[in-house]
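Colleague: I would like to learn how to read strands and cores in a model. Could you take me through them slowly?

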Amino acid sequence: MATQHLSSALPAPAVSAAYPMAKPGYGKRSAPGEQARTRDDFALLPTRERYVAGFVDHLPDGAAMSVKQLAKQLPLYGQQAISTALKALSVAGHLRRVRCSVGAGDESRWVFRTFWSRTARDNEWWNTYLATENASRTTAPVKPPAPTAVPQQRTAPEATPDPAPAPAPATPPTAPPTVPTTPPAAFSPAYLALAQLGRNDHRLGLSADDCTTLEPLAAQWLDRGVTTDYLTSTLTAGLPAQIDSPAGLLRRRLIDKLPPRLPDTTSTAPNTPAPTHRLLVECTDCGRPGPPEALPDGLCRPCHTVHSAGGPPSPDPTQIAAVKAHMANLRDLLKPV
């Protein structure tokens, strides 16, 4: 948890009018019931977290909340420092990253949002609020009643003179038929997303063979409704300083962080209730999704363990017992007869 830091924090830069907005439905969302802004907002946070929080707090709803975009606007810190600050703000109760499904059938897709609260909230408040958001999304929209046709009154037809025949319109010249052109063969969106990684970060440079090998794994993400922007941000979040095997690291992330598949609703009957739109919380550190109650402080269990202990998680007690038993057997075997 954040410790008290009474020294004056650096003032957050003003939000530029040209700050990029996310796609409709994405980006920042302000939580309800916030207190009015004061000079003591985020006073208990360290300097870096106060700096980032002050900037995010002044962003409008719908603003882009990726680590890359925030780092462009906050030149004092790099992407790794911004990512660490967002994790600290999540633990402090100021934000939650979520994903929710919208649409149905073939039109279903994932929408990614960052809920922000100037007032620090505990896990119980966040779980209740996100459950309310989830319930509101599962309610089928009420369709307005169809307009009823007004019956026309029958009246005696009036005698009207026969209209004069209209002159035949001139036949416009027929345009020559357009011959459809076949677009040239192109790479798949999954391949292009992988190939672009090395352009944005030289540590993730892949060869053509690497992109072809990893293309089926990346295509599984797109088949489950995610966008190429989300795929790219997930693969590039929290990278180590040195990467010896970019293809191996990306393969591991593509497998471990594969989002869940949405249920198929293409064959539902017309009177079937509207599909349930699940809302999942994403781990602020690694991006692993799960229900709100399974990610306290906005962190999955492994990341929460590392954060609480200040280091890697402790070994499994069962494994420790097995190692001790194996060492005891070795000592018995090595005893002189």
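Modeller: Helices (H or I, at least four residues) and strands (E, at least two) are DSSP runs, numbered from the N terminus. The model is predicted, so local features need pLDDT of at least 70 and side-chain atom pairs count only at pLDDT 80 or more, whereas totals for chains, interfaces and linings use all residues. Residues are numbered from 1 along each chain as its sequence is written, and side-chain values use heavy atoms, with hydrogens and water left out.

Colleague: How many bridges join strand 2 to strand 4?

Modeller: Two strands pair if DSSP finds at least two bridges between them; here there are four, and strands 2 and 4 run antiparallel. Strand 4 also pairs with strand 5 (residues 289-290), in the antiparallel sense, over two bridges, and Val-281 has Gly-290 as its bridge partner in strand 5. These two strands form a hairpin with six residues between them, and Gly-287 in the turn has a positive phi of about 85 degrees.

Colleague: Which way do Leu-279 and Leu-280 point from strand 4?

Modeller: Leu-279 points one way with Val-281, while Leu-280 and Glu-282 point the other way, and all are buried, meaning under 20% relative accessible area with a 1.4 Å probe, protein chains only.

Colleague: What is a nonpolar core?

Modeller: In soluble globular proteins, nonpolar side chains tend to be buried together. A core is a set of buried Ala, Val, Leu, Ile, Met, Phe, Trp, Tyr and Cys residues joined through side-chain atoms within 4.5 Å. The largest one here has 44 residues, and Leu-194, Leu-250 and Leu-254 have the most contacts inside it.

Definitions and conventions
Buried < 20%, exposed > 50% of the residue type's maximum accessible area, 1.4 Å probe, protein only.
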